[in-house]
Amino acid sequence: MSLSVSLVYRKARPDDWKGILELYNSLSDDDLYLRFFTFHKLTEEEARKIADTKEHYTVIAEINGKIVGEASIYFDGEFAVVVHPDYRRLGIGTELVKRLIEFAKKNGIKKVRFYTLPENYPMIKIGKKLGFKIIEREDEVYAYLDLTNENVILEKT
Ligand SMILES: CC(C)(COP(=O)(O)OP(=O)(O)OC[C@H]1O[C@@H](n2cnc3c(N)ncnc32)[C@H](O)[C@@H]1OP(=O)(O)O)[C@@H](O)C(=O)NCCC(=O)NCCS
């Protein structure tokens, strides 16, 4: 017997809100804190907002139809990413952030950045691997990647 696993990265669609809500319901309180800087449970309305990419760009990772990762970037360059606890350490977080950087380059966003807590080793590792400048403050980490020196292509995806 052979098991086939399909891992797909794609732009979120409005009807993904349910899968996004399920993904967020799988997160621990600590994960939610790392994502929102507050103990916050995602509401249906917020899930619908993430899936409806009018004010931001969202990419999702899907395994056999199940949403296991989500990353969103705003047009000011700030982004956040989450991966389902059962699917971590597989490179999905890194790949999602890479796709946000590609989107930023193609859409003239000059600097991409994220904020996290100093203990968020995996997120800081992703930043370091992808060339972000990491600024460690006492109670938060600010990281940015300057895209002004990159070969920016001004075209819509
Ligand atoms: C941060 C997060 C998105 C990373 O997702 P992921 O899919 O596990 O990321 P990757 O698999 O690409 O791993 C990134 C790196 O961290 C390492 N890593 C991940 N989890 C780790 C752990 N628990 N211990 C040690 N290393 C770890 C990986 O090995 C990898 O390094 P490598 O490329 O040298 O092997 C995920 O942990 C998450 O959703 N956390 C909660 C929400 C959050 O913190 N979001 C960030 C807000 S900006």
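This tour moves through the structure one selection at a time, from the sheets to a helix, a loop residue and the ligand.

The model is a predicted one, in which local features need pLDDT of at least 70, side-chain atom pairs count only at pLDDT 80 or more, and totals for chains, interfaces and linings use all residues. Residues are numbered from 1 along each chain as its sequence is written. Helices (H or I, at least four residues) and strands (E, at least two) are DSSP runs, numbered from the N terminus.

**The four-stranded sheet**

Begin by selecting β1 to β4, where 4 strands form an open sheet in the order β1-β2-β3-β4 with antiparallel pairing; two strands pair if DSSP finds at least two bridges between them. The edge strands are β1 and β4, each of which pairs on one side only. From one strand to the next, the twist averages 15°, where axes are lines fitted to C-alpha atoms, for helices over the stretch in contact, and angles run from 0 to 180 degrees between N-to-C directions.

Within this sheet, select strand β1 (residues 7-11) together with strand β2 (residues 56-63), which are joined in the antiparallel sense over 5 bridges, and find R10, whose bridge partner in β2 is I60. Moving on to β3, you will find that 8 bridges join it to β2, the two running antiparallel; T58 stands opposite S72 in β3, and I63 has K66 as its bridge partner in β3. β2 and β3 form a hairpin with 2 residues between them, and N64 in the turn has a positive phi of about 45°.

**Helix α1**

Next select α1, which lies across β3 and β4 and runs at about 95° to β3. The buried residues of this helix (residues 17-25) are W17, G19, I20, L23 and Y24; a residue is buried if 20 or more other C-beta atoms lie within 10 Å of its own, exposed if 12 or fewer, and partly exposed in between, with C-beta atoms placed from the backbone. These residues cover an arc of only 160° around the axis, which puts them on the same side of α1, the arc being that of the directions from the helix axis to the C-beta atoms. What covers them includes α3 (44-51), β3 (66-74) and β4 (79-83).

Now turn to the open sheet of 3 strands, which has the order β5-β7-β6 and antiparallel pairing. Here β5 and β6 (133-136) stand at the edges, each with a single partner strand, so one side of each is left without a neighbour in the sheet. β6 and strand β7 (residues 141-146) pair in the antiparallel sense over 4 bridges, and I134 has A143 as its bridge partner in β7.

From there, select F132, in the loop between α5 and β6, which is buried, with 21 other C-beta atoms within 10 Å. Leaving aside its neighbours within four places in sequence, F132 is in contact (C-beta atoms, placed from the backbone, within 7 Å) with G127, A143, Y144 and L145. The C-alpha atoms of F132 and V112, 20 residues apart along the chain, are separated by 8.8 Å.

**The ligand**

Finally, select the ligand and the 23 residues that surround it, of which the closest are L34, R88, G93, T94 and P122; a residue counts as near if its C-beta atom, placed from the backbone, lies within 6 Å. The elements that give two or more residues to this shell are α2 (29-36), β4, α4 (92-106), β5 (111-116) and α5 (121-129), and α5 supplies the largest share, 6 residues.

How values were computed: Contact = placed C-beta atoms within 7 Å.
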